[in-house]
Amino acid sequence: MRIFDRPGFPNPARIRIVLAEKALESQVEFVSVDLIAAEHQQPAFLEKNPSGVLPVLQLDDGTYIAESTAITEYLDNLDGHPTLTGTTPKQKALIHMMQRRAEAELLDPVGIYFHHATPGLGPDLQAFKSPEWAGRQDWGNRQRDKALRGMAYFNTVLRSQPFVAGDAFSMADITVFAGLMFADAAGIAVPEDCSTLVAWRAKVAELPSVKNRSGQMFVPEDLRRLGF
Ligand SMILES: N[C@@H](CCC(=O)N[C@@H](CS)C(=O)NCC(=O)O)C(=O)O
């Protein structure tokens, strides 16, 4: 199997955690795609994933699987013992519901804020950032405020259960974790009154799959190119 990704970016990080959880890292060849140079917008990559986003999994038979949830489903079920996506109908439904909420209420608004209200990945890549979008600070702030509401929501959820979709660590936790990681990069701080979310995050950060996973840091050259 091959994974087309770029270390340090939030959606690729989701799959790096899954690979570590499932002890599959050694079975995967990582192919780095240079997002900042817009390699993912070139025809060669768009043939793999017409959406032009990372990560993408390539199976040994040549099949390409995009979308982090689909990749997670595949990897989690490879050994016949899914641990991240549920086993019972109820678990599967709750995990999918919460992971989608994590995308819709946290990861996606942080992404829009990052790309349209901050320098994001730079002017060369985001040529589509029109003056209206880039200049409409209220648009970005609405997305930041949405992300903050998302954090407050997950804080409330975690007050009554140890993990985002219930009693066990799952794909939904991975998405919330990636959302917070992206929020750090975008400069959106977790509100002080979200102490349960902060404690959950510290607990998840200590999981071996999260703490020791390969490629958790941005490629240093990327940080330099982004002006950090
Ligand atoms: N829905 C996709 C989102 C993937 C995504 O947005 N990936 C980012 C990297 S974290 C990307 O490739 N961005 C490139 C761009 O927006 O131009 C998934 O779940 O995998």
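The largest pocket of this predicted model holds about 870 Å³ of space (a pocket being an open set of points on a 1 Å grid over the protein atoms alone, where a 1.4 Å probe fits, with protein on both sides within 12 Å along at least five of seven lines; the volume is the space filled by probe spheres set on points joined across faces, edges and corners). Of its 36 lining residues, Asn11, Val53, Leu54, His115 and Phe182 come closest to the centre (lining means an atom within 4 Å of a point). Helix H4 (89-117) gives the most to this lining, with eight residues (helices are DSSP runs of H or I, at least four residues, numbered from the N terminus).

The ligand sits in this pocket, meaning that more than half of its atoms lie within 2 Å of the grid points. Around the ligand are Phe9, Pro10, Asn11, Pro12, Arg14, Leu35, His40, Val53, Leu54, Pro55, Glu67 and Ser68, each with a heavy atom within 4 Å. Helix H1 (residues 10-21) gives the most to this shell, with four residues.

As for polar contacts (pairs of N or O atoms within 3.5 Å), a polar side-chain atom of His40 lies 2.8 Å from a ligand oxygen. The side chain of Ser68 also places an N or O atom 2.8 Å from an oxygen of the ligand, while Leu54 uses a backbone N or O atom, 2.8 Å from a ligand nitrogen. Taken alone, the ligand exposes 510 Å², and the protein buries 79% of that (Shrake-Rupley areas, 1.4 Å probe).

Residues are numbered from 1 along each chain as its sequence is written. Local features need pLDDT of at least 70 and side-chain atom pairs 80 or more, while totals for chains, interfaces and linings use all residues; side-chain values use heavy atoms, without hydrogens or water.

Definitions and conventions
Polar contact = N/O pair within 3.5 Å; in protein donor to acceptor, adjacent residues only side chain to side chain. Helix = DSSP H or I, 4+ residues; strand = E, 2+ residues; numbered from the N terminus.
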